[in-house]
Amino acid sequence: MLLLQNLSNALILACTYILMAAGLTMVYGVLKVLHIAHASVYTVGAFVGVLAFTRLGNFWVALAIAMFVSGIFGVLIYRSTYFYLLNSPRTVPLIASVGMFVMFTDLLQKPFLMGAYQRAFPAGGAGLPAVKTALFSFTAKQVLILLVTVILLAIVYVILTRTKLGLSWQAASMDRDMASAVGVNLNQSIAANFFLGSALAGAAGVLVGVYNNSVFATMGDLPSYKAFIIIVLGGMGSLPGAILASLILAIVENFLVASIGYVLPRDSIAFLVLILMLMFRPNGLLGRE
Amino acid sequence: MASGYFLTILTFTAMYISLALSLNILTGYAGQVSLGHAAFLGIGAYTSAVLTLRYEVPFWLAFLAAIVLTGLIGTILGLPSLRVRHDFLVLATMGINFVVVSVFKYVDFFGGAMGLVNIPAPSLFGITFRGGVPYLLLTTAYALFTLWICWYLSKTWSGLAFQTIRNDEEAAASLGVNPARYKIYAFGISAALAGGVGSLYAHFLGSVFPDNFVFVESIGMLSMVIFGGIGTLRGPIVGAILLRLIPELLRFIQDYRFTFYGALLVLMMLFQPMGLLGNDSWLWQHLTRWFRSSARSAKEDVR
């Protein structure tokens, strides 16, 4: 009973990780860049979401606007920076990414944007019903997270497997020059990749903001760091791996906290997992090789 | 008062020169970008603070202990480099920073979010180094010591080894240079030197707080190395001086310090990835050309 309830809580936590990690792993797959500024996209998504929600009062419209703006923000990040650094050594775009992350976090904390305080995001469960059975129960907010994640993942799955766009990402992740030689429009393809990945991060920001009823400027730091651990754990660039790893990390975190309490801060578990993975399975659980 | 303020800025600049130089051993020499150098500063600062406050160890012993302990932790944290390519390891350095700060913050032994206060000032032969000129001399001496270590590392065989690793790990391995071993050396030395600065930092301020050692502070140090010129001796020094002094001189930047550091990193990557005074940078090429031509014309003048 308690076990099942813990599992269902872990599932909800995993959903937020999945949306964040999916975008990162897509970008890594195509560009081979560790896109640290993804955290800023997540925060911007939550911020736009809360602004749109307080103005318009409709959660679903707010979610759509937030995803669209985050997507555009992601494309702007790509076009202004990574685009020019595609052929540099890998550390060059990485450092640029760190720079953008630090810059956006600092700017977002300024009073003319988000300020240094927390905002409420009182969207509740967006009118969805709570689910309660004998074995486990989901609150309305949890149902919302589960529903949105499943819908978005289904859309991503269809794009990846059934469209030319998905095929072009696959080609670009194998060999960018070759893909371009056989007629893939790399610019459009990568920009679309950034748009989708960033929109997912924006959705994750909105959902976490609603779930905790709080949005603040540094909310992206830890989730983005965990997303990196997840894509290392799942094998860089592998979407099924990222989903599996999100579930594993969420379950481990939930059960360790439930069983041994605060021996270690909960968030350092993820870090220890990362170090162990890097030592013993550097290609991840489902990575190639 | 004004001179006291000026001395404080100079003391901090000296400490940041040591930090930038020590980070450069890891990032510039061994080619391993680190996003967690502030963690080593913090480990050194807390080691020294805990030893002097809780166990009444004299400063000089605590200072040495901070160097040794931080060096050891750095070496252990460098171990994943035995297995992992460097862009993955970057993530680990970022994680080190998060975990170290959260340990300082949530473990009561380290004072939690309230930090540790009333850290005693160091004394030697009855002279107490409480701020002012003596402390500036102390931090400057340490900066010179760091510079000497860096110079030594770059001039001896290890300097060549580092250079080959940075350029091509596989080629280095084929020539009998073990890249992982040198990276672990670099982690250890770089952390130890930063730990020493941490001790000086704690006893200068008299208090330490977890927030002094957060991730963005690491990025500040990385900006100094990259802005000045990565992998050189002159680069980190010039970078540390400029990036400490510009926000002091231009007050409006002070409020946007991290925006400034971040934007600087992006701009440097886009236009001058080798840094302002790096070996292939625009400014350095022009400076050396100018020096050479003026030296030549001076020679002709003599004739």
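1. Two residues are taken to be in contact if their C-beta atoms, placed from the backbone, lie within 7 Å. On that basis, the contact between the two chains of this predicted model takes 30 residues from chain B and 30 residues from chain A. On the side of chain B that touches chain A, three helices, α4 (86-106), α9 (215-228) and α12 (257-271), each supply at least two residues, and α4(B) gives the largest share, with 11 residues. Sorted by class, this side of chain B has 24 nonpolar, four polar and two charged residues.

2. Before the details, a word on confidence. For the complex, the predictor gives an ipTM of 0.82 and a pTM of 0.84. The average pLDDT is 84 in chain A, where 93% of the residues score at least 70, and it is 85 in chain B, where 95% of the residues score at least 70. Within chain A, helix α3 (residues 59-80) has the highest confidence, at 93, whereas helix α11 (residues 266-280) has the lowest, at a mean of 71.

3. The largest nonpolar core has 203 residues, and those with the most contacts inside it are Ala203(A), Val232(A) and Leu274(A). Helix α1 (residues 2-31) of chain A gives the most to this core, with 18 residues. When residues up to four places away in sequence are not counted, Ala203(A) touches Leu19(A), Gly45(A), Leu63(A), Met67(A), Val148(A) and Leu152(A).

4. Two of those partners, Gly45(A) and Leu63(A), return in the packing of helix α2 (residues 38-56) of chain A against α3(A), whose axes come within 8 Å and cross at roughly 145°. This crossing is right-handed. From α2(A) the contact draws on residues including Val41(A), Val44(A), Gly45(A) and Val48(A), and from α3(A) on residues including Phe59(A), Leu63(A), Met67(A) and Phe73(A). By class, the contact of α2(A) with α3(A) has 15 nonpolar, four polar and no charged residues.

5. In chain B, helix α3 (residues 59-78) and helix α8 (residues 179-205) have axes that come within 7 Å and cross at roughly 145°, and the crossing of α3(B) and α8(B) is right-handed. The residues in this contact comprise 13 nonpolar, 12 polar and one charged by class.

6. Asn213(A) is in the loop between α8 (186-212) and α9 (221-233) of chain A, and it counts as partly exposed because 14 other C-beta atoms lie within 10 Å. Glu56(B) is in the loop between α2 (37-54) and α3 of chain B, and it counts as exposed because it has 9 C-beta neighbours inside 10 Å, where the cut-off for exposed is 12 or fewer.

7. Leaving aside neighbours within four places in sequence, Ala30(B) is in contact with Ile25(B), Phe162(B), Ile165(B), Arg166(B), Tyr182(B), Lys183(B) and Ala186(B). The C-alpha atoms of Ala30(B) and Ala180(B) are separated by 9.7 Å, although the two residues are 150 residues apart along the chain.

8. Another loop residue of chain B is Pro120(B), placed between α4 and β1 (123-124). Pro120(B) counts as partly exposed because it has 16 C-beta neighbours inside 10 Å. Between Pro120(B) and Trp60(B) there are 12 Å from C-alpha to C-alpha, for a separation of 60 residues in sequence.

9. Finally, Ala270(A) is found in helix α11 of chain A, the helix in which the confidence of that chain is lowest, and the following details should be read with that in mind. Ala270(A) is buried because 23 other C-beta atoms lie within 10 Å. Apart from neighbours within four places in sequence, Ala270(A) is in contact with Lys226(A), Ile229(A) and Leu249(A). Its C-alpha atom and that of Gly74(A), 196 residues apart along the chain, are separated by 26 Å.

Key: Residues numbered from 1 in each chain as written. Chains lettered and ligands numbered in written order. Predicted model: local features only at pLDDT ≥ 70, side-chain atom pairs only at ≥ 80, totals over all residues. Helix = DSSP H or I, 4+ residues; strand = E, 2+ residues; numbered from the N terminus. Nonpolar A, V, L, I, M, F, W, Y, C, P; charged D, E, K, R; others polar. pLDDT = per-residue confidence, 0-100. Core = buried A, V, L, I, M, F, W, Y, C linked by C-beta atoms within 7 Å. Buried ≥ 20, exposed ≤ 12 C-beta atoms within 10 Å, placed from the backbone. Axes fitted to C-alpha atoms, helices over the stretch in contact; angles between N-to-C directions. Left-handed = near helix turned anticlockwise from the far one by under 90°.
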